[in-house]
Amino acid sequence: MDKRNFAFSRMNFILLALSMVIVIVGFLLMSGSGSTETEFNPDIFSDRRIKVAPVVCLVGFLMMIVAVVYKPKSKGGEVEQQKTGEIE
């Protein structure tokens with residue numbers, strides 16, 4: 001199968017995988033034990049859960065957008081051929 005028939009290149013998939021790992025790390029940073037009815041856990045309001053983890057997740061989601069929009073540089077004159085319609 002021809003490579004130009006695919007919507008994403010290899011670099012797009014690598015960026016998507018990397019951004020997904022970053023989002024998973026952000027959700028793992030948010031996780032932890034919670035409070036129960038008998039005992040209050042002040043760790044649920046830690047900086048890691050309230051500030052750091054949401055920012056890490058946001059960066060991961062923004063990287064996903066970049067990975068979808070990213071278009072690798074073409075080799076040679078493929079762009080010129082596509083503009084003129086010479087590629088079959």
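## Helix packing and a loop residue

Helix α2 comprises 23 residues and spans 32 Å from its first C-alpha to its last, close to the 33 Å expected at 1.5 Å a residue. The model under discussion is predicted. Within α2 there is a bend of about 30° at Ala53, and a proline, Pro54, follows within four residues. Ala53 also belongs to the buried residues of α2, together with Arg49, Cys57, Gly60, Met64 and Ala67.

The partner considered here is helix α1, residues 10-30, which packs with α2, residues 47-69. The geometry of this pair is listed below.

| Property of the α1 and α2 pair | Value |
|---|---|
| Angle at which α1 and α2 pack | about 165° |
| Distance between the axes of α1 and α2 | 8 Å |
| Handedness of the α1 and α2 crossing | left-handed |

Because angles over 145 degrees count as roughly antiparallel, the angle of about 165° makes α1 roughly antiparallel to α2. The residues of the contact of α1 with α2 divide into 20 nonpolar, 4 polar and 2 charged.

Attention now turns to the loop. Lys71 is placed in the loop between α2 and α3, the latter formed by residues 78-84. With a relative accessible area of 67%, Lys71 counts as exposed, because the cut-off for that class is over 50%. In sequence, Lys71 and Ala7 are separated by 64 residues, while in space their C-alpha atoms are 9.8 Å apart.

Notes
Residues are numbered from 1 along each chain as its sequence is written. This is a predicted model: local features need pLDDT of at least 70, side-chain atom pairs count only at pLDDT 80 or more; totals for chains, interfaces and linings use all residues. Side-chain values use heavy atoms; hydrogens and water are left out. Axes are lines fitted to C-alpha atoms, for helices over the stretch in contact, and angles run from 0 to 180 degrees between N-to-C directions. Helices (H or I, at least four residues) and strands (E, at least two) are DSSP runs, numbered from the N terminus. Angles under 35 degrees count as roughly parallel, over 145 as roughly antiparallel, 65 to 115 as roughly perpendicular and the rest as oblique. A crossing is left-handed if the near helix is turned anticlockwise from the far one by less than a right angle, and right-handed if clockwise. Ala, Val, Leu, Ile, Met, Phe, Trp, Tyr, Cys and Pro count as nonpolar, Asp, Glu, Lys and Arg as charged, and the others, Gly among them, as polar. The expected span of a helix is 1.5 Å times one less than its number of residues. The bend at a residue is the angle between axes fitted to the seven residues ending there and the seven starting there. Buried means under 20% relative accessible area, exposed over 50%, partly exposed in between (1.4 Å probe, protein chains only).
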